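Here is a short report on one protein model. Look at the structure first, then read on.

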Amino acid sequence: MEVGRVLRMNGGTGKTSYAINSRLAVSLFKSAVIAKAKPVVEENIKEVYGGNMLSEFLKVADLGCSSGSNTLTVVSQMLEAVAAASGRMNRQPPALQAFLNDLPGNDFNSLFKSLPSFYEELKKKEREAGRRLGRCFVFRAPGSFYDSLFPNNTMHFFHSSYSLHWLSQVPQELETGEVLNKGNICIAKTSPHGVFKAYFNQFERDFTLFLKSRSEEIVPRGGMVLTVMGSMRSDDPCFHWELLGRALNDMVLESLVPEAKLDSFNLPYYGPTAEEVRGLIEAQECFILKRLEVFNMEWDPDMNREEVFDEQESGK
């Protein structure tokens, strides 16, 4: 499967578009994730600014930005954090060059149509805070984040939220024509050990390429914050994909979907454990891992809870 050509959110603003259907997820899921990561993003972007104060601008990138209503939220957070830090130092905030990255099929047109309202919101925040934010220039950067995206030694900060669990391709071992993961669309409790190993090996290759590319592009004293959908244990797959697989199996029983199509379909998805992520970062020696946190959140969109996170691990 050529993931770079076929995997993307549905574009436009119609009833089936990601922009419309992501609104519930933003309010109950992605906004909660962004809120959880916000202190970490602010802490890191301030540290990056402190190490690059002589620069008149900071170059940042949101990798796997998609095209929903939350896409520019983190850019706004970074602007405010840098403005607050520069204000305490009695300095003018630097300009921010923000590069929005996703696969070429992403709906960048709809995303960039939202820029006027984004800039108006920034002006409103300036009035409310009584201080100037740095100027913000937004660019698109289409391409796979498993490849090189920027010139070497040019970027100050990388951010990615809920994107790195998508692989560059379905593991080659599952694309031979032989049915190895029968009745499943991803790793499931009934998947054989070889399927688990094939998915991890693909994640290992992809994540290694990701780290290598970013290490070449980032400047000294740069920073990076990644939020990845993961698993608590490598043998405990993501339950919602199993639910979807069961639904598709029911459709096979009702002759709505050919069994051969289901058996040949596998998602390019892998939810790593914290130990797997830590191990790959430390093995590459491209970055110093300063902080690794694991948190749980509910999947039920009808949940009525103020706090959805249960922090399991925090290290520095």
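## A residue in helix α7

Leu 244 belongs to helix α7, which covers residues 239-253. The model is a predicted one. Leu 244 has 38% relative accessibility, so it counts as partly exposed. In sequence, 60 residues separate Leu 244 from Asn 184; in space, their C-alpha atoms are 9.1 Å apart.

## Helix α3

Helix α3 runs over residues 73-88. At 1.5 Å a residue, its 16 residues should span 22 Å. The end C-alpha atoms are 23 Å apart, which agrees.

Twelve of the 16 residues of α3 are buried, so the helix is largely enclosed by the rest of the structure. Among them are Val 74, Met 78, Leu 79 and Val 82. After α3 comes Asn 90, with a positive phi near 55°.

## Aromatic pairs

The model has 13 aromatic pairs, counting ring centres within 6.5 Å. One of them is stacked: Phe 99 and Phe 139, at 5.1 Å centre to centre with 25° between the planes. This pair links distant parts of the chain, 40 residues apart: Phe 99 is in strand β2 and Phe 139 in strand β3. Phe 99 is buried because its relative accessibility is 15%, under the 20% cut-off. Phe 139, at 35%, is partly exposed.

Phe 118 and Tyr 119 form a tilted pair, 5.6 Å centre to centre and 55° between the planes. Phe 118 is buried at 9%, while Tyr 119 is partly exposed at 29%.

## A cluster and a charge

One aromatic cluster includes Phe 145, Tyr 146, Phe 210 and Tyr 270. Arg 214 lies over the face of Phe 210, 5.0 Å from the ring centre. The charged end of Arg 214 also sits over the ring of Phe 158, at 5.5 Å from its centre.

Notes. Residues numbered from 1 in each chain as written. Predicted model: local features only at pLDDT ≥ 70, side-chain atom pairs only at ≥ 80, totals over all residues. Heavy atoms only, no water. Helix = DSSP H or I, 4+ residues; strand = E, 2+ residues; numbered from the N terminus. Buried < 20%, exposed > 50% of the residue type's maximum accessible area, 1.4 Å probe, protein only. Expected span 1.5 Å × (residues − 1). Phe/Tyr/Trp six-rings, centres within 6.5 Å; stacked < 30°, edge-to-face > 60°. Lys NZ or Arg CZ within 6 Å of the ring centre and 35° of its normal.
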